[in-house]
Amino acid sequence: MRHSALAAVGMAIAAVNGGCGASTAPVSSACTESEEAIRAALRTAPGAVRLTDGSRLSQCIRSGTGEADLLDVGMTFTRTADGLRVQAREKQDEAAAVQLGYLVGATRKGAAETNGVMAELQRRVGLVGGRLQDEAPSLAPAVQKGLVAGERRG
């Protein structure tokens, strides 16, 4: 299921990206370095989150030079969201729930500036956040706290 979700993100990005002009700004390598790198940056949520090179998560979403970059960001963000959901649910970890919410908000913020190129990624990451709220309603306020912060500062 996870593999098919990632494949769907990739195909949607490729289809949209192929039909319209992509940004010429390169995606920072910090955006796709690893799930662990994204999670390390998210530890400061709900405060401002910056990757090792100073990039905001929303910049990762809106800075694509091609299908491969966009697919890499999609895979990294989706895996990060899934890992945070599992951690938050299994351990009732409010910090992980805030981090997941922040990732959802930052993804939403970045995708809003891409003319639809990253809409599928935004939808997928948002679904993970919604799923956690369904699975662990007690964590919903933490997810919302992160979401608001991610939309503002992401």
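Student: Among contacts between residues at least 6 apart in sequence, what share join residues at least 24 apart?
Tutor: In this protein, 76% of them do. Keep in mind that this is a predicted model.

Student: What does the secondary structure come to?
Tutor: There are 8 helices and 0 strands. Reading from the N terminus, the order is α-α-α-α-α-α-α-α.

Student: How much of the protein counts as buried?
Tutor: Of its 154 residues, 49% are buried. The protein exposes about 7100 Å², and carbon and sulfur atoms account for 51% of that area.

Student: What is the mean pLDDT?
Tutor: The mean is 86, with 82% of the residues at 70 or more.

Student: Which element has the lowest mean pLDDT, and which the highest?
Tutor: Helix 1, residues 2–19, has the lowest mean at 46, while helix 8 has the highest at 98. The pLDDT is below 50 over residues 6–23, although that stretch has 30 contacts in the model beyond near neighbours in sequence.

Student: What should I make of coordinates where pLDDT is low?
Tutor: Where pLDDT is low, predicted coordinates should not be read in detail.

Student: On to the core. Which residues in the largest nonpolar core touch the most other members?
Tutor: Leu57, Val73 and Phe77 do, in a core of 39 residues. Two or more residues each come from helix 2 (29–32), helix 3 (35–42), helix 4 (57–62), helix 5 (67–91), helix 6 (94–111), helix 7 and helix 8 (140–153).

Student: Which of them gives the largest share?
Tutor: Helix 6, with 9 residues. As a general point, nonpolar side chains tend to be buried together in soluble globular proteins.

Student: What does Phe77 touch?
Tutor: Leaving out residues up to four places away in sequence, Phe77 touches Cys31, Ile38, Leu57, Cys60, Ile61, Leu103, Thr107, Leu121 and Val125.

Student: Helix 7 next. How many residues does it have, and what does it reach from end to end?
Tutor: Helix 7 covers residues 119–135, so 17 residues, and it reaches 24 Å from its first C-alpha to its last. That is close to the 24 Å expected at 1.5 Å a residue.

Student: Which of its residues are buried?
Tutor: Glu120, Leu121, Arg124, Val125, Val128, Gly129 and Leu132 are buried in helix 7. In general, an α-helix has 3.6 residues a turn, so residues three or four places apart point the same way.

Student: Which residues are buried in helix 3?
Tutor: Ala37, Ile38, Arg39, Ala41 and Leu42. Their cover includes helix 2, helix 4, helix 5 and helix 6.

Student: Why does Ala45 count as buried?
Tutor: Because its relative accessible area is 13%, and buried means under 20%. Apart from residues up to four places away in sequence, Ala45 touches Val98, Gln99 and Tyr102.

Student: What about Arg50, what is it in contact with?
Tutor: Arg50 is also placed in the loop between helix 3 and helix 4. Setting aside neighbours within four places in sequence, Arg50 is in contact with Ala41, Ser55, Arg56 and Arg153. Arg50 is partly exposed, with a relative accessible area of 34%.

Student: Last one. What is the phi of Gln92?
Tutor: Gln92 has a positive phi of about 50°, although it is not a glycine. Gln92 is in the loop between helix 5 and helix 6, and it is partly exposed at a relative accessible area of 43%.

Notes. Residues numbered from 1 in each chain as written. Predicted model: local features only at pLDDT ≥ 70, side-chain atom pairs only at ≥ 80, totals over all residues. Heavy atoms only, no water. Helix = DSSP H or I, 4+ residues; strand = E, 2+ residues; numbered from the N terminus. Expected span 1.5 Å × (residues − 1). Buried < 20%, exposed > 50% of the residue type's maximum accessible area, 1.4 Å probe, protein only. Core = buried A, V, L, I, M, F, W, Y, C linked by side-chain atoms within 4.5 Å. Contact = heavy atoms within 4.5 Å. pLDDT = per-residue confidence, 0-100. Areas by Shrake-Rupley, 256 points an atom, 1.4 Å probe, with all protein chains shown as cover.
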